[in-house]
Amino acid sequence: MAGLMAGFGHYTHAVVRGIPASLAKEALRTVQAEVDLAKARREHDAYVEVLRTRLGLEVVELPADESLPDCVFVEDAAVVCGDTALITRPGAESRRRETDLMKGALKDLNLNIVEMTDENATLDGGDVLFTGREFFVGLSKRTNQRGAEILADAFKDYAVSTVPVLEGLHLKTFCSMGGPGLIVIGSSEPAQKALKIMQQMSDHRYDKLTVPDDLAANCVYMNLPNKGHVLLHCTAEQFPESAKVFEKLKDHMLIPVCNQEKVKVDGALTCCSVLINKKANI
């Protein structure tokens, strides 16, 4: 069994993408809701600003594409671990071309590119939880068994286990990593069932931080030089009870980030960036 990846949570670069005007009306969503486009863009700008200015990451900003209303959700287009990038085959056909620009950006960062070309495979990055020791892949409306097998093949150093996602769009709709060995999980029955399956599948005993709101369980964890443990999480305005739970993480730099508009089109905090740790070229 692989131990904890050296440098888990350490990132140097982030790939993000602009919000097209088409997001408001045409982006996929599980519940119909009106999106305030200007507010969504302000939220996204603030998120990118945290990555660039507050955390000091090199941010690669890809342009929005009006013909791809969901393109801001870059996480679904690629899974990056170490110096390998798996270019996915998103489950929604309307999103397949989102991978083109992502592939180019990751090539430019000199990552080893693996492409998912099997037409029977689907995989959204939102279904992939990397714990630093292993991968859990949600089998959902967007990700299938073949997609999970190709991911396992791309990242042979790590065990890959599959978890049925019976409610919610993706596995990370209700969970994420809050630190090395710490899974943040929603309190709903489907979320708790999924956690139980993950615990049963793993050789490692994970700690858990349960938050009352499933959507609040999606956060972005980093471990950065001079900053230590960093967690981007929901705001108290959006999820007051869950925001209180994060305050228990006394060793973390906690950064609340507003996501009220993008959540209407099933976009969570992890969805809006692909994080990369590039070793310095010596």
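Predicted model: local features only at pLDDT ≥ 70, side-chain atom pairs only at ≥ 80, totals over all residues.
Helices here are DSSP runs of H or I with at least four residues, strands are DSSP runs of E with at least two, and both are numbered from the N terminus. Residues are numbered from 1 along each chain as its sequence is written, and side-chain values use heavy atoms, with hydrogens and water left out.

**Ala 64 and its surroundings**

- Ala 64 is partly exposed, with a relative accessible area of 37%; on this scale buried means under 20%, exposed means over 50%, and partly exposed is in between, using a 1.4 Å probe and protein chains only.
- Not counting residues up to four places away in sequence, Ala 64 touches Arg 17, Gly 18, Ile 19, Pro 20 and Cys 71, where contact means heavy atoms within 4.5 Å.
- Lys 39 is 25 residues from Ala 64 along the chain, and their C-alpha atoms are separated by 16 Å.

**The annotated active site**

- UniProt, in an unreviewed entry, lists His 170 and Cys 271 under "active site"; its positions are given in the numbering used here, feature names are shortened, and annotations may be inferred rather than shown by experiment.
- These two residues span 102 residues in sequence, yet no two of their C-alpha atoms are more than 10.5 Å apart, so they gather at one spot.
- Both His 170 and Cys 271 are in the lining of the second largest pocket. A pocket is an open set of points on a 1 Å grid over the protein atoms alone, where a 1.4 Å probe fits, with protein on both sides within 12 Å along at least five of seven lines; lining residues have an atom within 4 Å of a point.
- His 170 sits in the loop between β8 and β9 (175-179) and is buried at 4% relative accessibility.
- Beyond its sequence neighbours within four places, His 170 touches Asp 76, Asp 124, Gly 126, Asp 127, Arg 142 and Val 165.
- Cys 271 is in the loop between β14 and β15, and it is buried too, at 5%.
- Once neighbours within four places are set aside, the contacts of Cys 271 are Val 72, Phe 73, Val 74, Glu 75 and Asp 266.

**The annotated binding site**

- The unreviewed UniProt entry puts "binding site" on Leu 28, Asp 70, Glu 75, Asp 76, Arg 95, Arg 142 and Val 265.
- Among these residues, Glu 75 is included in the lining of the largest pocket.
- Asp 76 is in the loop between β2 (58-62) and β3 (78-81) and is buried, with a relative accessible area of 2%.
- The contacts of Asp 76, leaving out residues up to four places away, include Arg 95 and His 170.
- Val 265 lies in the loop between β14 (252-256) and β15 (274-276), buried with a relative accessible area of 2%.

**Aromatic pairs**

- Rings of Phe, Tyr and Trp (its six-membered ring) pair if their centres lie within 6.5 Å; planes under 30 degrees apart count as stacked, over 60 as edge-to-face and the rest as tilted. By this rule the count comes to 7 aromatic pairs.
- Phe 130 and Tyr 158 have ring centres 5.0 Å apart and planes at 80°, so the pair is edge-to-face.
- That pair links distant parts of the chain, with Phe 130 in strand β6 (residues 128-130) and Tyr 158 in the loop between α4 (145-154) and β8 (159-164), 28 residues apart.
- Phe 130 is buried at 17%, and Tyr 158 is also buried at 17%.
- Tyr 158 pairs with Phe 135 as well: the centres are 6.0 Å apart and the planes at 85°, so this one is edge-to-face.
- Ring pairs link Phe 8, Phe 130, Phe 135, Phe 155, Tyr 158 and Tyr 221 into a cluster.

**Nonpolar cores**

- A nonpolar core is a set of buried Ala, Val, Leu, Ile, Met, Phe, Trp, Tyr and Cys residues joined through side-chain atoms within 4.5 Å.
- The largest has 46 residues, and Leu 86, Phe 135, Leu 151 and Phe 246 have the most contacts inside it.
- A second, separate core of 31 residues includes Ile 19, Ala 24, Ala 40 and Val 220.
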